[in-house]
Amino acid sequence: MQVMKWSVIALAVAAGTSQLAFASAQSESNGFVEDSSLNVLSRSVYFNRDWRNGPGGNDDGKAEEWGLGFIGTFESGFTQGTVGFGVDAIGLLGLKLDSGKGRAGTGLFPTGSDGRSQDDYSEAGGAVKLRVSNTVLKYGTQFTALPVLSTDDSRLLPQTAEGFLLTSNEIAGLELHAGHFTAMNAQDQTGRDSYDAGILKSIDVVGGTYSFTDNLAASLYYSDNEDIAKKYYGNLNYNFDIAEGQNLGFDFNIYRTKYDKQYTGTGSSENNTIWSLSSTYGIGAHAFTVAYQKSSGDTSYDYDIGDGGGSIWLANSIQRSDFNAKDEKSAQLRYDLDFAEYGVPGLQFMARYVKGWGMDTGNANQDKEWERNLQVTYTLQDGPAKDLMLRVRQATYRADDGYQGGKIDEVRLIAEYPLSIL
């Protein structure tokens, strides 16, 4: 904790050399009602996962379901004055469109004791908030997007977390966070603290991001997940133009985790360090990315242990695998194409390949894994269905001796339509 404390102070001192206090957001408040917004995102997801060698999923080694979800978010404005007050609310509804006892298990829906997915499920939550100047304190149910506490949104409905989160932007270029959370809800469940039988007791997080320039930014975060792990995270991101229509970017991420003995079950704590470095070269409509990632220490890098299913901000965390096993090394090649420059705005294509090797799983026959992803996304630019997003995601995964399911083919069809009501 001492390291993080002094790192954050150093960032604040550095930021102090630039201008302090841009315009206060609270002083510009129009009022509780006037600044309110209500949005609903409708999402349709078809999910098909085929374990080609049959060890996972159901009796036939397949899981295939289709659902429709609604994610409603209300955000009030803040009352006027030195201290502004407001409320936020979240409403989630998932509907099963197609499934069956032999096809359940995609993670889209809650599953009953009979092995069948529920026809529908829902969740609602609220939060109160106050703002002073450019600092907001929120308590209640919320989505989080911090590298050490990130709620997952990879299925029909997102995870939610419950607790306090302080976000401060008092210094230009510096954003600070501090939080305390006591519950995490799963994506496919409805009850409070439904994630993994309530594995989360409490988690404290602190950290921030500082933009030195428009091209260079750094982040440092720390979390203490009670009886589970203490985690440090660092990021350095640098982008610059090298010629007209050409740019180059570098992104470095690192986690250092100490798992408590209560979690490891071995009677002693265990450590893991995992880092990734990626570089992207963009030229016109094209982007080429290479990345390398390495895990080392006593064990693998664990996440989704009460800190959210998205708390793995690493280059090689992709659709099926995260390439985060003990001692694993992995490399990625990726290509992106934006068709806007060819007269089709809204159409995008992505292909990537990641290979991992040298992992220590305790099985001498489990040494390698690889994954290939293909993705096509199209967002309507005008007309009555403007902003409708259609996405196809395909993954092919192969690993030695049945590791993580061995041979898996996966297809996801996603349609999202955002509706702004207020």
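**Loops, patch and pockets**

Author: Asp-401 counts as partly exposed because its relative accessibility is 48%; the class lies between buried (under 20% relative accessible area) and exposed (over 50%), with a 1.4 Å probe and protein chains only. The model is predicted, so that local features need pLDDT of at least 70 and side-chain atom pairs pLDDT 80 or more, while totals for chains, interfaces and linings use all residues. Residues are numbered from 1 along each chain as its sequence is written, and side-chain values use heavy atoms, without hydrogens or water.

Reader: Where does Asp-401 lie, and what is its phi?

Author: In general, most residues other than glycine have a negative phi. Asp-401, although not a glycine, has a positive phi of about 50°. Asp-401 is placed in the loop between β19 and β20, strands being DSSP runs of E of at least two residues, numbered from the N terminus. Asp-327 also has a positive phi, near 65°, without being a glycine. Its loop is the one between β15 (286-297) and β16 (329-338). Asp-327 counts as partly exposed because its relative accessibility is 28%.

Reader: Which residues form the nonpolar patch on the surface?

Author: A patch of this kind joins nonpolar side chains (Val, Leu, Ile, Met, Phe, Trp, Tyr) within 5 Å, from residues with over 30% relative accessible area and no salt bridge; a salt bridge is a Lys or Arg side-chain nitrogen within 4 Å of an Asp or Glu carboxyl oxygen. Here the members are Phe-32, Val-33, Val-87, Val-128, Leu-137, Tyr-139, Phe-164 and Leu-166. Together they have about 640 Å² of accessible area, by the Shrake-Rupley method with a 1.4 Å probe. β5 (135-142) and β8 (160-171) each supply at least two of the patch residues. Phe-164 belongs to strand β8 and counts as partly exposed because its relative accessibility is 40%.

Reader: How many residues line the largest pocket, and which lie nearest its centre?

Author: On a 1 Å grid over the protein atoms alone, a pocket is an open set of points with protein on both sides within 12 Å along at least five of seven lines, a cavity is a set where a 1.4 Å probe fits but cannot get out, and lining residues have an atom within 4 Å of a point. The largest pocket has 39 lining residues, with Asp-152, Ser-154, Arg-155, Gln-319 and Arg-412 nearest its centre. β1 (37-51), β19 (389-399) and β20 (407-420) are the elements giving two or more residues to this lining, and β1 has the largest share, 4 residues. The pocket's volume, the space filled by probe spheres set on the grid points, is about 1,100 Å³. Its lining holds 9 nonpolar, 16 polar and 14 charged residues; Asp, Glu, Lys and Arg count as charged, Ala, Val, Leu, Ile, Met, Phe, Trp, Tyr, Cys and Pro as nonpolar, and the others as polar.

Reader: Which element gives the largest share of the lining of the second largest pocket?

Author: That share, 4 residues, comes from β5. This pocket holds about 410 Å³ of space. Among its 21 lining residues, Glu-75, Asp-88, Lys-138, Gln-142 and Phe-143 lie nearest the centre. The lining divides into 8 nonpolar, 8 polar and 5 charged residues.

Reader: Which residues line the largest cavity?

Author: Ile-203, Ser-223, Asn-225, Ala-229, Lys-231, Ile-305 and Asp-307 do. β11 (216-225) and β12 (229-243) are the elements that give two or more residues to this lining. The volume of the largest cavity is about 30 Å³.

Terms used: Patch = residues over 30% accessible without salt bridge, like charges linked within 9 Å, V, L, I, M, F, W, Y side chains within 5 Å.
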